[in-house]
Amino acid sequence: MDSLYRGVVTADAFSSFEINVTQNLVVSAVCRNPDVFYPVEGVSVPGPLDVNTRSWAERVMSDNRDDFLRMMDRENLLVMYEIGERSPWVEYMVYDRSGNEVYLRESLSLTKDEESGDIMGVIILRDITEQKLVEKENRRRLRVIEGLSVDYESVYFVDLDRDTYDIYRRNSYITRYYGDCFEETYSGAIRAFADSGVYPEDRGHFLQEMEADTIRRKLQSQVAARFIFRVQPDHRFPPQRYRVKLVRTGPGDRHISNVLLGFACVEEEMQAESAQREALESALRQARQAAEAKTLFLSNMSHDIRTPLNAIVGFTALAKEHVSEPEKIQGYLAKITESSNHLLALISDVLDITHIESGRFSMEESPHEVRDLITQAVDLIRPQAAKRRTQLAILVDDSLPKRIYCDSMRFFQVVSNLLGNAVKYTPEGGRVRLRVKRCAPSPHGYVSMEITVSDNGIGMSQEFMEKIFDPFERENRTAVSRVEGSGLGLSICKGIIDAAGGTISVRSAPGRGSCFTVNLAFRIAQESEEPEEESAVGRKFHVFRKKKSGEEKSLDGIRVLVAEDNELNREIAISMFENMHIAAEAVENGKLAVECVKERGAGYFDVILMDVRMPVMDGHAAARAIRALPDERMSQVPIIAMTANAFEEDVLAAKEAGMDAYVSKPVDGKSLLSAIEAVIPARPRRGT
Ligand code: ADP
């Protein structure tokens with residue numbers, strides 16, 4: 001036993017014990033470190049093996065205590081010997097006297113004493129603390145690497161000196177496509193990967209960057225380096241961009257050999273980045289364009305407004321100088337009227353295009369006769385065409401439904417603008433044709449309509465056609481500049497057609513004529529659905545609540561209340577009524593209007609003309625207040641709104657406030673009378 005004992009107790013053995021398993025005895029002990037093996041009461045050597053074992057087990061940390069006890073169980077040791085398992089071992093941690101962690105490896109060699117037949121054992125305890133701490137540190141490092149490399153699908157440890165590599169992590173994509181590339185050496189693997197998967201254009205760069213010397217050079221001055229290359233293992237799919245990150249694991253001032261390589265697909269990230277960059281660039285472009293458009297708009301506006309305004313100012317001055325010459329005055333007034341109308345049309349167009357482009361624009365659909373819609377537009381153009389001796393041909397497809405749902409004012413605007421242009425830009429005696437036909441197919445209950453306006457006029461260049469629908473664009477030709485226009489008509493048409501989900505296109509050649517084609521779909525209206533009666537022309541006025549009566553309506557002796565804050569407008573309105581021999585009173589705001597109605601009493605006023613924007617109380621509030629009056633004869637007095645913004649929302653707001661009709665400013669006598677006639681009930685003549 002002595003020889004055996006000496007044989008196994010090697011120089012680095014920490015401590016050793018000789019045991020007799022059969023006799024349950026710790027025979028002897030050699031303890032090299034008294035800090036770990038200090039005397040414990042009730043335990044001695046020689047002494048009982050089970051007592052020693054139990055006492056020691058208490059010092060073994062709980063994680064491995066059971067393993068230790070299981071191994072050192074006497075019955076177990078005897079069985080182990082019998083089955084030939086004669087060198088069992090266990091590792092555990094104990095605390096030394098000062099509370100330091102000490103890791104031990106306990107190995108046991110079992111033999112049989114030939115003389116006594118007892119099973120004997122030698123326990124060797126080695127201090128493996130250092131080794132365990134290194135392992136622990138390595139594990140910690142691995143966790144750190146793992147944490148830091150989550151963004152990398154494949155991670156490799158490379159030993160550049162030995163030209164070897166270890167796979168730390170590798171994704172399934174790489175394994176699937178590059179399984180064959182995992183050669184023994186690092187350089188071999190890189191070459192194989194470059195040949196089979198790296199996008200041909202990037203191959204040279206990739207190989208150069210991955211070369212040991214390049215990596216060493218780069219990582220001397222920095223801990224990590226990175227570059228991007230493209231991977232395309234399968235030509236059916238577009239290449240994917242990958243990022244490689246190279247990190248040195250040691251200091252840079254010494255020879256570099258160990259490097260960590262991470263590969264990550266950055267295609268999505270880069271695409272998202274470039275999409276974001278593009279979005280920002282486009283936002284910037286749009287902002288710039290908007291700023292440019294605004295400047296252009298203002299300069300165009302000031303030019304276009306100035307021209308008729310100059311005429312008005314100029315001719316007014318001339319008229320003053322020639323007060324005693326009625327003929328001249330007539331001529332000047334005619335010119336002033338013409339310029340005023342032009343100015344008004346321009347302002348309406350500008351408001352309209354601003355409104356359309358603001359996106360707050362909506363269509364107001366109601367049932368209309370297709371023929372009426374077309375006739376209204378054509379009727380507006382007829383006098384102009386007759387003056388220029390233009391032949392007007394109107395062709396309307398018979399298969400079109402009788403009635404459709406549409407915004408008659410917008411329909412009118414589109415068709416009259418196109419026809420107006422065709423007449424304007426066609427020399428005298430030319431031909432203009434309007435063709436409206438049904439085109440198949442269209443969804444059930446709808447009709448697809450094609451409206452074509454063609455002429456044999458001056459036409460336009462290909463270059464101009466590309467910007468024809470942009471606001472204020474007019475072709476830079478003498479033939480065009482001689483014709484009056486603002487370059488807004490077609491932008492308005494396009495805005496309306498876009499909002500209605502339709503299309504507009506143009507074909508033209510200089511000197512040969514132009515052809516505009518509009519495609520729109522309309523909901524078909526049933527015969528029973530009443531068409532709108534009042535004219536949609538320019539929508540100078542609009543009636544929501546019409547008082548129908550078989551009797552002829554008379555405006556004789558009616559009394560009107562005008563609520564208008566602008567003094568000039570008030571004066572114009574009163575003079576207009578005076579000329580019509582209609583009695584009118586005027587107030588400055590909505591509040592005064594309500595008070596006036598109450599003061600004058602029931603049945604006094606026959607109609608109220610209500611400006612919408614007024615201080616103190618606006619027109620809508622005043623209309624609501626009047627509608628809420630207790631006496632029905634006062635509360636039901638017809639109210640006509642007057643507003644400068646003739647948009648759908650304003651019309652709706654007026655309607656909701658309980659008004660009966662609406663006239664757009666500047667108010668002209670004819671529309672005003674028509675509106676009044678439509679809203680007042682038939683009544684017995686009242687003596688004035
Ligand atoms: P406007 O007629 O007020 O100038 P539009 O927006 O209606 O504005 O038209 C823009 C420009 O398109 C016109 O100034 C003209 O140069 C060109 N244009 C439009 N219609 C025709 C046409 N039928 N024939 C030739 N040129 C046309």
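In this briefing, Ala, Val, Leu, Ile, Met, Phe, Trp, Tyr, Cys and Pro count as nonpolar, Asp, Glu, Lys and Arg as charged, and the others, Gly among them, as polar. The structure is a predicted model, in which local features need pLDDT of at least 70 and side-chain atom pairs count only at pLDDT 80 or more, while totals for chains, interfaces and linings use all residues. Residues are numbered from 1 along each chain as its sequence is written, and side-chain values use heavy atoms, with hydrogens and water left out.

**The second largest pocket**

- The second largest pocket holds about 730 Å³ of space, a volume being the space filled by probe spheres set on grid points joined across faces, edges and corners.
- A pocket is an open set of points on a 1 Å grid over the protein atoms alone, where a 1.4 Å probe fits, with protein on both sides within 12 Å along at least five of seven lines; lining residues have an atom within 4 Å of a point.
- Of its 31 lining residues, I145, F157, V247, T249 and L260 are the closest to the centre.
- Two or more lining residues come from each of α5 (129–148), β7 (154–159), β8 (164–169), β10 (240–248) and β11 (258–265); helices (H or I, at least four residues) and strands (E, at least two) are DSSP runs, numbered from the N terminus.
- The lining comprises 15 nonpolar, six polar and ten charged residues.

**Helices α10 and α11**

- Helix α10 (residues 267–321) packs with helix α11 (residues 326–358) at an angle of about 160°, their axes being 8 Å apart; axes are lines fitted to C-alpha atoms, for helices over the stretch in contact, and angles run from 0 to 180 degrees between N-to-C directions.
- The helices α10 and α11 are therefore roughly antiparallel (an angle over 145 degrees).
- The contact of α10 with α11 has 16 nonpolar, four polar and two charged residues.

- Helix α2 (residues 49–57) and helix α3 (residues 62–72) cross at roughly 170°, and their axes come within 10 Å.
- Therefore α2 and α3 are also roughly antiparallel to each other.
- Their contact joins L49, T53, W56 and A57 of α2 with R65, F68, L69 and M72 of α3, and divides into six nonpolar residues, one polar and one charged.
- Helix α4 (residues 74–83) packs with α3 at an angle of about 60°, with the axes 5 Å apart.
- In this contact, R70, M71 and M72 of α3 meet R74, N76 and L77 of α4.
- By class, the α3 and α4 contact has three nonpolar, one polar and two charged residues.

Note on methods:
Angles under 35 degrees count as roughly parallel, over 145 as roughly antiparallel, 65 to 115 as roughly perpendicular and the rest as oblique. Contact means heavy atoms within 4.5 Å.
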